[in-house]
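Welcome, and please take a moment to look over the sequence and the model shown here. The report below walks through it site by site.

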Amino acid sequence: WLTFVFDISVQITAEAEAAKAVNQLAVAMEAIPDGFALFDEQERFITCNATFRKLYPDISALLVKGATFKSILRADVATGNYRIPRSQHPIWIETRLAQYRDGGSTAEVERTDGRWFRVLERPTSTGGRVAFTIDITRTKTRQVELENAALTDALTGLLNRRGISDRISKTDQWVTAGERIAFLHLDLDKFKTVNDALGHEAGDFVLTTVSSKLLEMAGERAEIARVGGDEFVVALPSEHGEDQVFAFAETLRAAITQPSYYKERLCQVGASIGISFWCPNGSDPLEQALLDADTALMQGKTLGRNRTVVFRKRMRAQAVEMAQIASKIKESLREERFVPFFQPQIEWPSGRVCGFETLVRWIGEDGSVTPAGAFINVANETGLILDIDREMLALGLDALYNLTQEGFENPSLSINLSSAMLRSPDLLDTVLDAVGWRGLQHEQINIEILESTLLDDRSDTIGTNINALAEAGFRIELDDFGTGHTALASLRKFPVHRIKIDRSLIKTIDSDPSLQAITEGIFSLCQRLGVDTIAEGIETDAELAVLSQIGISKFQGYMLAKPMSYSALLRWLADRGDLQSRHVSEA
Ligand code: C2E
Ligand code: MG
Ligand code: MG
């Protein structure tokens, strides 16, 4: 017998070390919170941790030593756990396999059970792979929530501006053949008044009420967004023609205009709607159609709100022009290039100057003078009229004060105030302040109000302001009398001191007996009501003669005096000998 004795203590130690290492690896693997698996250089499964098995319960039985990565993939996709059509399984497997072999990429996959996995494989030193699967469902859900929040309006739950853009960009999922999209851009009229007068809660109530009405009426397939404070967009895929969409818009408007009550307070708003259409096979991008609806809406507002207007191509140019004028107005306001001109008002037959009307003029860089009529609409629509009116109030009152200093006795001044100005809650204070520190008498000032402004007043702010101004002793004058529909009713409703008969009743009055009859009627009515009259736009002797005959004794018009700058006015008055003063400044 030969006895061999081997010293295997090194081996034993090595095996013990190896066992320890494997044990440590297992402990380490289990300590990893994510799914972890190990593959050898032949893409064969070696081992994985319990989390890995939990993440893939359907294929856990296949996770045995020697199973190839590809066979595992194939089994995994076959379970139907991914949102992939069967026909695309082979491509999906190839793609994932390429990622595995690449060893540097990371993929995020959505599972049919709503879970999201981030999967990545990285090379080991021996050419195998370590595979990680991380459950990122919570992060993803949060991400989706954030994305949704960024696309929806918190108050109404409708989409917001970004949301509607995002949604309509996916028209392929939404519009069927033969359909086009009608965009209805809706703007609430008088929303601000409700908000200011009844508070934000009432304002929110109005917005949510409108939003429910839109949801209810526009139907399942419509996309609805709140795209601004009180602006909404309804995008409607349909085969309907323009007339039907217009009729639908009108029913929407009617529903929105219905009064509603918040804590027993009446909240009533109006609505203007602009409509545009987008055809899938047309040349205009969708975003353009959205802009076009807005342009049509603007047009509707300029025409006097509370109406539906369908977009026409020419409106694009008009909108651009309007925006250009608006930006020039802003610039000119900063540069103080709006000045008041003064048109004298003459008593006839004495010829005495009994007052002046301030009319804003826009002085160009070249010294050109643009009359109010050329820009007042844009100023009104853009809200810039408020700044213009404030400026004209201050400069007009300066002139009134200076006229007294120049020796003109007891001058009176008519000032045109816009709807926007008449709607400001602090109007009375503004006027009192401006008049007070200049030491002017209230009855020297006529506030000219357009009839259209009175028609615009559903919230009564304007009425309240007019009453307050009248009570404070300012004189209220109805401008452009005879051009509207409710002029006579306004005489009863508001404390009117004087009406100004519009040129439309005066032009050709000398040859038109019916105009004479109307003007006579107005004059005698005013006399009986104790309301003073003045006629504007007198251009000929004949017009003046007929109006004098009727009994009117105060006039304004080119024939008597044109609107002029303050310095020209001083010269004009001096030439007539109307200034008692020491000197006429050459300002
Ligand atoms: P309005 O207040 O009715 O002013 C009369 C308009 O007729 C003025 O045009 C005036 O220049 C013009 N006019 C005066 N006499 C005659 C005449 O004999 N024949 C003819 N054909 N026209 C005459 P303007 O200055 O272009 O103003 C247009 C409108 O703009 C004004 O009509 C007024 O409603 C508004 N406006 C003018 N200045 C202001 C302002 O400072 N603020 C506001 N809110 N509106 C203003
Ligand atoms: Mg006027
Ligand atoms: Mg007028």
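## Before you start

This is a predicted model, in which local features need pLDDT of at least 70 and side-chain atom pairs count only at pLDDT 80 or more, while totals for chains, interfaces and linings use all residues. Residues are numbered from 1 along each chain as its sequence is written, chains are lettered from A and ligands numbered from 1 in the order in which they are written, and side-chain values use heavy atoms, with hydrogens and water left out.

Let us begin with the magnesium ion (ligand 2). Its protein donors are E357 (OE), N416 (OD1), E448 (OE) and D479 (OD), at 2.0 to 2.2 Å. Donors here are N, O and S atoms within 2.8 Å of the metal (3.2 Å for Na, K and Ca); water is not among the atoms, so sites may look incomplete. Along the sequence, these donor residues follow the spacing E-x58-N-x31-E-x30-D. Two of them link distant parts of the chain: N416 sits in strand 16 (residues 413-416) and D479 in strand 18 (residues 475-481), 63 residues apart. Helices (H or I, at least four residues) and strands (E, at least two) are DSSP runs, numbered from the N terminus.

The cut-offs are under 20% relative accessible area for buried and over 50% for exposed, with partly exposed in between (1.4 Å probe, protein chains only).

The magnesium ion (ligand 3) is coordinated by D479 (OD), D480 (OD) and E536 (OE), at 1.9 to 2.3 Å. In sequence, the spacing of these donor residues is D-D-x55-E. D479 lies in strand 18 and E536 in strand 20 (residues 532-536), so this pair ties together parts that are 57 residues apart in sequence. D479 and E536 are both buried.

## Around ligand 1

Ligand 1 is surrounded by 26 residues, and the closest are R361, G373, D389, E539 and Y558. A residue is near a molecule if one of its heavy atoms lies within 4 Å of it.

Several atom pairs can be picked out here. An oxygen atom of ligand 1 lies 2.8 Å from a backbone N or O atom of Y558. A nitrogen atom of the ligand is 3.1 Å from a polar backbone atom of V360.

How many cavities of 30 Å³ or more does the structure hold? There are 2. On a 1 Å grid over the protein atoms alone, a cavity is a set of points where a 1.4 Å probe fits but cannot get out, and a pocket is an open set with protein on both sides within 12 Å along at least five of seven lines; lining residues have an atom within 4 Å of a point. Grid points are joined across faces, edges and corners, and a volume is the space filled by probe spheres set on the points.

The largest cavity has a volume of about 200 Å³. Its lining has 18 residues, with Y56, F69, L73, D76 and R96 nearest the centre. Helix 3 gives the most to this lining, with 4 residues. By class, the lining has 14 nonpolar, 1 polar and 3 charged residues. Ala, Val, Leu, Ile, Met, Phe, Trp, Tyr, Cys and Pro count as nonpolar, Asp, Glu, Lys and Arg as charged, and the others, Gly among them, as polar. The second largest cavity, of about 50 Å³, takes the most lining residues, 4, from helix 8 (residues 200-218).

## An open pocket

The second largest pocket holds about 390 Å³ of space. Among its 17 lining residues, Q299, T302, Q318, A319 and M322 lie nearest its centre. Helix 11 supplies the largest share of the lining, 8 residues.

Key:
A polar contact is a pair of N or O atoms within 3.5 Å; within protein, one must be able to donate a hydrogen and the other to accept it, and residues adjacent in sequence count only if both atoms are side-chain atoms.
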